[in-house]
Amino acid sequence: MEKLILLLLKLCILVCVVHAVFEDQVGKFDWRQQYVGKVRFSHFDTQIQSSKKVLVATESNVFAALNTRTGELLWRHVDKTGPEGNIDAYLHYAQDTVLVVGNGRMLRSWDVNIGGLNWEILLDSGSFQSACLVGQQGIVKHVAVLKKTVISVHYLSNGHQKWIENLPESETVDYQTVYSDGNGQVFVLGIVPHSHITIVVYSMEDGEIIKQVSVEAPWLSNIPGSCVVVGQGMLMCVDSTTLSLNILDLHQQLQMTQIPLQSLGLEVDPGFHPSLVSHQPNPAQKPLSEFFLQLGPERILLLQLNNGQIVKLNDFKPLKVLLASFATTGEKTVAAVMSPKNATAYSINLFSADTGRRLLDTTLIFPVDPNGGKPERLHVQAFLKKDDSVGYRVMVQTEDHALTFIQQPGRVMWTREEALSDVVTMEMVDLPLTGTQAELEGEFGKKAAIQDGLLSMVLKRLSSQLIMLQAWIAHLWKLFYDARKPRSQVKNEVSIENLSRDEFNLQKMMVMVTSSGKLFGIDSKTGGILWKHYLDNVPSNAAFKLMVQRTTAHFPHPPQCTLLIKDKDTGLATLHVFNPIFGRRSQVTPPALPQPILQSLMLPLIDQDYAKVLLLVDDQYKVSAFPSTKNVLQQLQETASSIFFFIVDSSQGRLSGYRLRTDLSTEQVWEVAIPTEVQKIVFVKGKRPNEHVHSQGRVMGDRSVLYKYLNPNLLAVVTESTDLHQERSFIGILLIDGVTGRIIHKAVQRKARGPVHVVHSENWVVYEYWSTKSRRNEFSVIELYEGMELYNSTVFSSLDRPHAPQVLQQSYIFPSFISTMEATLTEKGITSRHLLIGLPSGGILSLPKMFLDPRRPEIVSEQTREENLIPYAPELIIRTEWFINYNQTVSRVRGIYTAPSGLESTCLVVAYGLDIYQTRVYPSKQFDVLKDDYDYMLISSVLFALFFATMISKRLAEVKLLNRAWR
Amino acid sequence: MLLHVSPLPVSAFSKMARVLPLNVAVIFMLLLFLCASLVCCNNGRRAGDPSETELSGFSVPLEHSFELDDVAKFQSRGSLLLKTGREPSVSLLQNQLSEEDRAKLKEVAAVDGLYRIRVPRVFLQTERQAEGQMEGYLTAFVRACAMVESHLSDVITLHTDVSGFLIGVSIVTFPGACRGTEVEDEVDLEVFNTTLSIMAPVNAPGPETALFLERMELETEKKGKNPQEQKSFFAKYWYLILGGAIFLMLSNSAQPPAGGGREQS
């Protein structure tokens with residue numbers, strides 16, 4: 001019987017054919033890159049000498065381990081986004097890492113060897129202040145967590161609570177720091193701003209208050225910002241108003257001793273807020289008595305507290321110290337100091353922490369990327385060499401969120417571009433032609449033809465033909481050479497020099513804009529970063545809009561992209577104009593924009609250099625053009641009356657349309673106002689300008705044609721009700737013509753709530769919402785048709801379409817939440833469309849648009865069958881073979897970008913979020929590509945056979961005819 | 001009477017009004033008005049409502065502007081008579097174009113200017129009638145030439161939102177194209193031939209589970225009648241399974257000696 005069952009199982013496996021990627025196709029057309037985000041805490045795992053791990057906890061709520069040799073991820077844990085998953089504190093002891101997560105909501109312990117969770121406990125509510133490890137007799141067994149009103153101590157082994165105590169006078173005192181140096185006491189430091197410090201000492205054993213003292217400190221307002229604990233429990237604070245150091249013995253707590261910096265012969269750079277850094281190598285022991293004092297952006301000193309006296313160990317002169325950091329290995333502690341070497345390199349030196357003397361042979365010089373940010377933090381891994389001297393590696397964190405790992409004597413081991421974990425917007429740009437092709441273009445360009453005579457043109461043609469021949473032979477030689485090598489050795493290194501468009505334009509340049517203000521150029525085929533450029537003046541709350549002004553099609557003019565960077569608060573904007581292939585800033589100087597910008601739009605007009613015209617509308621409703629040459633202004637004047645644009649003011653619920661005037665001022669032509677007390681505008685989506693629709697209509701079952709309503713100016717406006725009660729909340733959909741302001745259709749989805757995701761394309765709008773009544777996600781599709789005949793089949797004008805379109809709508813149940821949604825896009829729009837849906841689980845679903853079709857019939861008839869309509873089913877089922885990223889989970893998908901390729905069947909897809917995933921999709925299968933295993937031999941032999949057969953039969957027929965003629 | 005209760009397009013009988021003297025037109029409108037309120041009173045259930053008196057509606061100005069320099073100067077075109085309530089409806093009373101205006105409209109059409117209309121933002125629900133008027137206007141436009149060439153026949157639609165706020169107005173002419181045909185007869189430009197309607201948002205459909213389930217049930221019933229389908233998996237394919245099992249057994253019993261032979265060698 002067992003065998004029978006086994007057999008059945010085998011049969012089952014054989015029957016269920018998986019219909020997705022083949023195993024050998026994994027990674028062939030797709031790639032994924034995983035990121036962790038901007039590093040907040042880092043720790044080098046040093047418990048084993050050979051450990052190759054650096055642990056990082058980041059601002060993207062990720063806790064991960066990186067391989068220090070390669071920079072690859074060893075493991076990664078992604079928590080919830082937002083403040084709920086925020087990593088507040090990072091504590092490390094032996095092989096355990098303790099994290100406080102979500103403003104003190106959770107305490108988690110991780111085993112760093114395997115990345116497994118040891119334990120996790122929920123903490124009592126209350127806003128988190130500080131946490132520290134508590135040791136006794138050299139062993140750390142507890143962790144103390146300080147909240148606004150309570151302090152609790154937990155066992156490190158299992159997370160159980162040892163004791164919890166309410167803090168005295170927590171209404172008036174703002175407790176900020178907890179400290180322990182391994183003598184069985186826990187110090188809690190609180191402050192009454194501009195009055196005094198309160199120190200509460202708890203007994204480690206039972207949480208009893210041993211001592212509670214107040215010390216006058218009227219100048220102090222923030223303990224963690226200006227104070228550190230040094231040496232034998234001495235609290236050292238820096239006062240930036242009187243420029244002095246203040247020392248308080250935590251064990252005696254008499255009063256603060258003030259030592260003016262001037263008495264030490266130190267001066268603070270004007271306007272700089274001095275700061276202190278101390279080091280506690282082992283939480284069960286006292287901190288070092290040495291500490292750093294930063295007096296200016298390039299001035300850091302190493303000081304020592306010795307019997308209440310401050311001794312200057314080293315002021316590192318004449319070095320300009322940018323960053324300094326302590327590192328401990330064994331019993332030795334060193335201070336690593338980073339200073340600029342020259343314009344393109346930095347140097348790092350090691351100093352002994354207790355003497356301040358420089359260690360020999362420890363200089364490390366490394367080059368810096370001129371297009372990167374300044375170094376921000378220094379993470380040092382020190383280790384003991386065989387001869388007992390100290391060796392070290394450093395991980396430098398720069399302003400642009402990049403991590404660079406450097407080994408002595410200055411070899412960059414790896415760089416991680418963590419800015420890519422937060423891509424805001426992107427574009428795909430065609431690669432340029434090859435060098436030879438470009439040369440041909442250049443030689444027979446317009447200018448050349450006018451200047452030269454006939455003879456020189458012939459010579460040029462010959463020479464360029466020679467060049468082409470040469471290139472071809474070189475190519476053949478390379479093919480032959482590569483063919484002899486084993487496949488694994490053939491490396492197709494893509495560098496910026498050999499970038500060129502491939503036959504089917506499948507390889508493109510991905511220009512990615514990240515929230516940190518760093519721009520990247522990534523090769524879409526391999527995922528390699530080809531260029532990067534850091535914009536250092538980007539405000540933290542900037543909104544970005546990336547536009548391609550000139551594509552690569554206009555040789556010798558370089559392609560040109562323009563990035564509009566707008567400060568969300570002030571509305572002030574700047575333009576960054578660059579070449580998307582090389583990342584270099586363009587020679588074209590962008591106009592200064594002194595006024596806040598309301599709207600920007602790309603016009604189909606081009607100037608004499610083939611750059612599309614960008615119009616910017618400021619808050620005075622004045623329009624400025626970029627580029628603003630005479631030619632452009634003249635064209636604008638000629639076409640002004642047909643240039644319309646709209647502005648959405650969601651805070652006032654106002655949508656207004658404007659028309660350009662010949663003097664580049666504007667006039668308001670329409671206005672729609674949605675009262676904000678009832679609903680608010682959440683989305684306004686137009687169609688993509690590069691979208692092509694191949695067929696104007698749909699052929700019905702009875703062979704008549706239902707024409708689509710293809711209005712390129714149509715806007716889908718989505719509103720959400722302000723009333724969130726589940727009975728009264730609703731989602732509103734408005735379809736408005738962007739030129740005339742005519743409301744084409746408006747629908748209300750009752751008992752529905754956001755978040756709404758919308759895709760607007762061709763003649764349809766698909767939106768997804770949460771149904772509060774049925775508690776499920778639902779999809780709805782609206783399709784617009786002109787009817788059985790077209791009003792004006794030659795040209796579409798919003799000003800001349802008097803008939804309202806027919807509107808069809810249908811809704812479906814979707815069994816999952818979604819993160820983002822986009823539609824596929826192909827070159828000519830012949831291929832059927834799919835919706836690409838990013839799910840919170842990390843899958844990317846390719847859902848055929850066929851399933852979202854309001855014409856799906858309830859009852860099947862002969863005609864609907866003829867039309868290939870799927871009978872209506874209320875639920876959309878997620879089929880596993882629809883996942884385009886098989887097991888390559890994409891964490892926290894925020895956006896999906898689609899671009900057409902040179903092949904009509906193929907659409908390039910990039911999903912970005914915490915990870916980046918690039919692949920190709922074939923919504924209608926690869927109808928224009930021969931399969932990899934296509935039998936060329938068979939087809940050619942058949943062809944040849946047929947050819948010879950016709951030849952022979954022709955000859956035979958001729959002979960026969962001749963014979964007949966003789967007869 | 002039905003005309004006013006339905007939310008369907010209501011045409012204002014301006015053509016008729018042209019023939020009649022103006023005061024007659026007013027009386028005619030009043031008459032329609034009375035009819036409308038009568039209908040509502042006949043409604044029965046609503047009788048005694050505090051909003052009853054307001055069901056008669058209120059009027060707001062409809063203004064238009066067509067200027068040679070395209071700087072909007074709105075003048076009265078007529079007044080919209082809005083009937084509030086659960087199913088709001090609207091009717092229009094509008095003036096004729098003066099000779100001066102006709103000439104100006106033709107001039108504006110010649111330079112491809114715009115013909116704009118505007119209505120104030122109002123609230124059509126009865127309960128909050130007092131605060132009905134809000135600040136600002138809703139505007140829309142058509143090309144002046146389209147207005148001229150269509151002999152002032154336009155379609156104006158007022159759009160309301162769920163709660164009865166007027167959110168937008170749209171105007172199209174019929175025919176909508178500007179072909180450059182000269183309008184000779186001045187009389188053609190005297191009277192508006194307006195089709196007016198008010199539109200509330202439609203309710204978007206949810207997933208239709210009930211109908212689908214019904215259909216499924218029907219199908220299962222059909223299947224139930226057919227005993228051929230009722231057979232279980234084993235009942236249908238027992239011979240295949242048996243054959244497979246025998247094959248497996250045979251192959252298994254054949255294997256051990258071969259393995260044993262290898263062990264010995």
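**View 1. Where chain A meets chain B.** The contact (heavy atoms within 4.5 Å) draws in 51 residues of chain A and 50 residues of chain B. Before going on, please note that this is a predicted model, in which local features need pLDDT of at least 70, side-chain atom pairs count only at pLDDT 80 or more, and totals for chains, interfaces and linings use all residues. Residues are numbered from 1 along each chain as its sequence is written, chains are lettered from A and ligands numbered from 1 in the order in which they are written, and side-chain values use heavy atoms, leaving out hydrogens and water. About 4,100 Å² is buried between the two chains, with carbon and sulfur atoms giving 61% of that area; buried area is the accessible area (1.4 Å probe) that two parts lose on being put together, summed over both. On the chain A side, A:Lys746, A:Val748 and A:Glu858 lose the most area to chain B, together 14% of what that side buries.

**View 2. A salt bridge across the contact.** How many salt bridges link chain A and chain B? The count is one, and A:Glu667 forms a salt bridge with B:Arg116, their closest N and O atoms being 2.7 Å apart. The term stands for a side-chain nitrogen of Lys or Arg within 4 Å of a carboxyl oxygen of Asp or Glu.

**View 3. The loop around A:Ser221.** Look for A:Ser221 in the loop between strand S17 (209-216) and helix H2 (223-226) of chain A. Helices (H or I, at least four residues) and strands (E, at least two) are DSSP runs, numbered from the N terminus. A:Ser221 counts as partly exposed because its relative accessibility is 40%; buried means under 20% relative accessible area, exposed over 50%, and partly exposed in between (1.4 Å probe, protein chains only). Not counting residues up to four places away in sequence, A:Ser221 touches A:Gln176, A:Ile191 and A:His194.

**View 4. Two cis peptide bonds.** In chain A, a cis bond joins A:Lys317 and A:Pro318, with omega about 5°. In chain B, the bond from B:Phe174 to B:Pro175 is cis, with omega near -5°. Most residues other than glycine have a negative phi, and most peptide bonds are trans.

**View 5. Two residues with positive phi.** A:Arg775, which is not a glycine, has a positive phi near 55°, and B:Leu152, also not a glycine, has one of about 60°. Are these residues buried or exposed? A:Arg775 counts as exposed because its relative accessibility is 58%, whereas B:Leu152 is buried, with a relative accessible area of 0%.
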